[in-house]
Amino acid sequence: MAELKVAPFPRHDTDGSTVTSQGQRLVTRAGDVENVNADLTSAHNTATEGVAGDLTALLHGRDEPAKQEALRLIQKLTSAGGALSVLGGQITEHDETLTGLENQIRQHEEREEQQETRSTLAPRADEADATLRGHAGQAQTALEDPLAPAVVQRLTSLGAMPATVMALYPQAGVTPAQQAEGLDAKIAAGEVPDFATMPDDEVDAYLADHPELAAAVAAMLTLPTPSPAVLALVKAQARAAAARTQDGLDDEPGQDALDKIDAGNTLLDAINQRLDAGEKLTPAEAAYIHQWTNALGAAGLAALPKAVSDSVYATHHGPSVQQADFDRYLRPVSDAILNYSNVDRHLPGAVDTDGNGIVSKAQMPLAVRELVEMRIGGHHERTDDEGFADQGYRYGNGESGSFSDITNLDRFNGWSQLMRSSTVDPGDAFAGDLAHQAIQAKQDMNAILGSASGLRHYWEGAPVQDDIDSEDDLRDLASRLHDRGASDLLSVVSRNEDASSNLLMDDTDRRALLGLNWGDGTGAGDVITHGTDRDPAEGGGTPAQARAALAVMEEIASDPRAYEDRTNEQVSDAVVDLGVRWVDTFGEQPGQTNGVRQDVEDVLGNRMKLNVSLDDDTQARFLRFVAGSGDGSDDSDPIRFQAASVNYGNQLVSGAIESGDATDLREALRWSGNAADRMHSANVDFAVDHYEDENDREAQRVVADNREAAANAAAAKFFTATGATITGAVFPPASPFLAVGTAGANTFAWDEVFPQETVPDFDAMNDEERARTVRDSYAQNDLAMDYRMATLAAGDHRDDPAFDRLYGPDGQLKPFDEVLEQNRQDPEYFRQTTALAEALVDDFQRAHPDEPDVDLDVLRRDRDVTGGSAFVDNDDPRASSSSDGWSNDDAIRRLLYGDNRAQLDEAWEGQYGYPTRFYPEEGSNRDPYPTNPDEIGD
């Protein structure tokens, strides 16, 4: 390269490295001041400890001004040092630019050519000079006001500030994006390694050696587009946090263990709180959750609830321990997992999804997949030497065939407890995965207990490996195989109403939820409740929920007696409440078809978003289940349903009176009459099954009348309790949720208002006593029916002497039970109640003289005990012959044992010569496929 024969471009006297070193010296001085600050605090504490009395109070806080001044000096030195370091780099870059231009000049040998080239390149040199002067101006601004937010933000983006910048300058408004830019700048300058290219263990080691990076990483979690280096640090921080949680799991139970778990969950909690505030999950947050979960692992996740429980009890003894004391340590983890599963809480692309854009089990962290896919117990294989090949049982585990150690039982219960602590909704697909896991877990437990029961009761002394030596062992096994965990998972699933609806619309899932031998049916009941919700205010009233409600009602109607026998109390309650929510279908005119109708009108012409219609047979069979949900001594379910039905009819009547339309009033009364007729038939049909003695017809009528009287009285009391009258009706026009009409009815204790009377022992009575008892039931029912209608007119007749018996001193209608008791002594009460009910129509006719006449007799039909809708075969406890329901042997095995069914059937028949079915004695109602040892005879 030729010699430079023209003047070089002018340089500054100070080179960049000198300026940079001066900046670094300032930052070092800031560290020195920080040490002085620490010494000052130590000296002050020593001085305070050396005095007593008033002097202590005088010294308190006296070091604060000095410490604040030191902090400001640290901030100024750090910012100024960063500004000089940046300027030094910019001077070096300027000089390198000029050197590059001069090298181009040196490409020429002759002076004239160099002169010409220099002239050509001069504008670029001037541009570099101007740029440097701009940088110098920025540096001057920074040195004049080093604490200005704009200065701190700019220096952060240029990588000239420490990782602790957000904590050191809390008022500067440094953003996570600026910190990320600064990190990338430092990587480009070689000041820190490129974390994206490093092995995980090296990133972990670097982060451990530079704890000041932790706060920076936490801030950068919210970045919508994090760089690979940032993601690498995020994952390293997640692994470090999970390790702290694991330390808590490994520690002795106590507060120290809880503190470690709490520290490990801190960022998970922060992510959840941000999402709860309406923000969306970012890719960095998703990566953190994914890495944290996998770092703790399936074993750690499942062990977390017990570790927390042991530590909470070790720290807070006695009855003061509350569920919240446990959940506060578990919820950050469980909510993070469910937030990860729910695409509604993500930024687009934050989490990998499947082809349908959802997060299913396959896209969840590996640790979560392992937990969702685990099976309870083991499949113990047999060999040809024992008579058959590749067959077996579901034992406690798959190695020894023992029942003392149940593979994955504790892990499953821990996992379900963790999920129970959550508060957020699972994603659609993951909710389905959890539901299928819950059902499979219940079936696995049934199969384990079924195997143990078979070995104990059918092959005592057989040459097989098992440890079921006694009834006590069998009962101990049954107590360990409780289904609370499965129920907890279903309750979590129920928060996602779409997923719950889909579950109920699947034939197999629906039958399992309704008919499995749940010990704890809370979760199954929750799925039914939320999957068929009708209240838009609670997220209900969607077409899917209507279709799910239809599917459940059709399912129950397919075999009402079988479901009456099988449904757990909580499941039964949920089914009855479903009927209450969709009660408007049960008073429709005969001849409807099964289906969901959208944008329809009720009998008064009010618009409804949608409703469910049922044909006559489906209605009758579903109501038969409702009637059978009471056992004759506790009729709370059927009375609750019937009272809600009556209340809805009351509101229809009240709304019709408000409208002044006689056609509306006739339709409202007709709806009430239809609903009452159908429920009466169902009650009679129930009584036919349960009271079959010499005087069964009397007993059946008393049961039906008592229930109807209870329902009428309960609805009337509710109506008066809400202050409703003809002039102040509670009927909500155009309401999309008309099951009970008012919010208060959702929590009203219908069954407590008027409990059913015990059915008398007719065989112990003579003919006169029996006749009197039946007459009393008629009279009570008629009085309750009239009292129900009288409440609708009560407000307009409180001062009428014709009804003096019915009103108390406060001017309010007397309670029904008081009217009933007084009527037994004075029939005038009955006459006045009937007259007040008839006054309802009379008032309407006087107010609307041009309207056609209305007759209350539509509510007083003479209902024969057979009922127009009653079944033909009342004596068969399982009227249905469904090929895939709970009346079919193969279906029962499939639903009870799931995919264990073939193992149980074939193994038992192959080795012992008998099927899994337990044949009870003739005439017994015991389940032929028991999974409860108390139901199995010796």
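Let me start at Asn408, which is found in the loop between strand S2 (392-395) and helix H16 (409-420). A word on the source: this is a predicted model. Back to the backbone. The phi of Asn408 is near 70°, a positive value, and the residue is not a glycine. As background, most residues other than glycine have a negative phi. Buried or exposed, or in between? Asn408 has 24% relative accessibility, so it counts as partly exposed.

Asp599 sits in strand S3, residues 595-601. Its relative accessible area is 53%, and over 50% counts as exposed, so Asp599 is exposed.

Next, salt bridges. How many are there in this model? The count comes to 38 salt bridges. In general, side chains of opposite charge can pair when their charged atoms come close.

Example one is Lys361 with Glu373. Their side chains meet in a salt bridge, at 3.9 Å from N to O. The cut-off is within 4 Å, so this pair passes. The pair links distant parts of the chain. Lys361 is in the loop between helix H14 (323-341) and helix H15 (366-373), while Glu373 is in helix H15. They are 12 residues apart. As for cover, Lys361 is partly exposed at 26% relative accessibility. Glu373 is partly exposed too, with a relative accessible area of 47%.

Example two is Arg561 with Asp689. The N to O distance in this salt bridge is 2.7 Å. This pair also links distant parts of the chain: Arg561 in helix H24 (residues 560-566), Asp689 in helix H28, 128 residues apart. Look at the accessibility on each side. Arg561 has 2% relative accessibility, so it counts as buried. Asp689 has 22%, so it counts as partly exposed. The cut-off for buried is under 20%.

Example three is Arg670 with Glu667. The side chains meet in a salt bridge at 2.6 Å, N to O. Both residues lie in helix H28, 3 residues apart, which is about one turn of the helix. Arg670 is partly exposed, with a relative accessible area of 26%. Glu667 is partly exposed as well, at 26% relative accessibility.

Which residues are joined by salt bridges that share partners? Arg561, Glu564, Arg624, Asp685 and Asp689 form one such network.

Where does Glu109 sit? Glu109 is in the loop between helix H3 (64-105) and helix H4 (111-144).

Now the aromatics. The structure holds 6 aromatic pairs. Take Tyr648 and Trp671. Their pair is edge-to-face: 4.8 Å centre to centre, with 75° between the planes. The pair links distant parts of the chain. Tyr648 is in helix H27 (residues 636-659), Trp671 is in helix H28 (residues 662-690), and they are 23 residues apart. Both Tyr648 and Trp671 are buried.

Now Tyr787 and Phe816. The ring centres are 5.2 Å apart and the planes meet at 65°. Why is that edge-to-face? Planes over 60 degrees apart count as edge-to-face, so 65° qualifies. Tyr787 lies in helix H31 (residues 767-793) and Phe816 in helix H32 (residues 816-825), so the pair ties together parts 29 residues apart in sequence. Tyr787 is buried, with a relative accessible area of 3%. Phe816 has 0% relative accessibility and counts as buried.

There is also an aromatic cluster, made of Phe586, Phe622 and Phe641.

Last stop: Gly628. Gly628 lies in helix H26, residues 616-628. At 10% relative accessibility, Gly628 counts as buried. Where is Phe686 relative to Gly628? The two are 58 residues apart in sequence, and 5.7 Å apart in space, C-alpha to C-alpha.

Key. Residues numbered from 1 in each chain as written. Predicted model: local features only at pLDDT ≥ 70, side-chain atom pairs only at ≥ 80, totals over all residues. Heavy atoms only, no water. Helix = DSSP H or I, 4+ residues; strand = E, 2+ residues; numbered from the N terminus. Phe/Tyr/Trp six-rings, centres within 6.5 Å; stacked < 30°, edge-to-face > 60°. Buried < 20%, exposed > 50% of the residue type's maximum accessible area, 1.4 Å probe, protein only.
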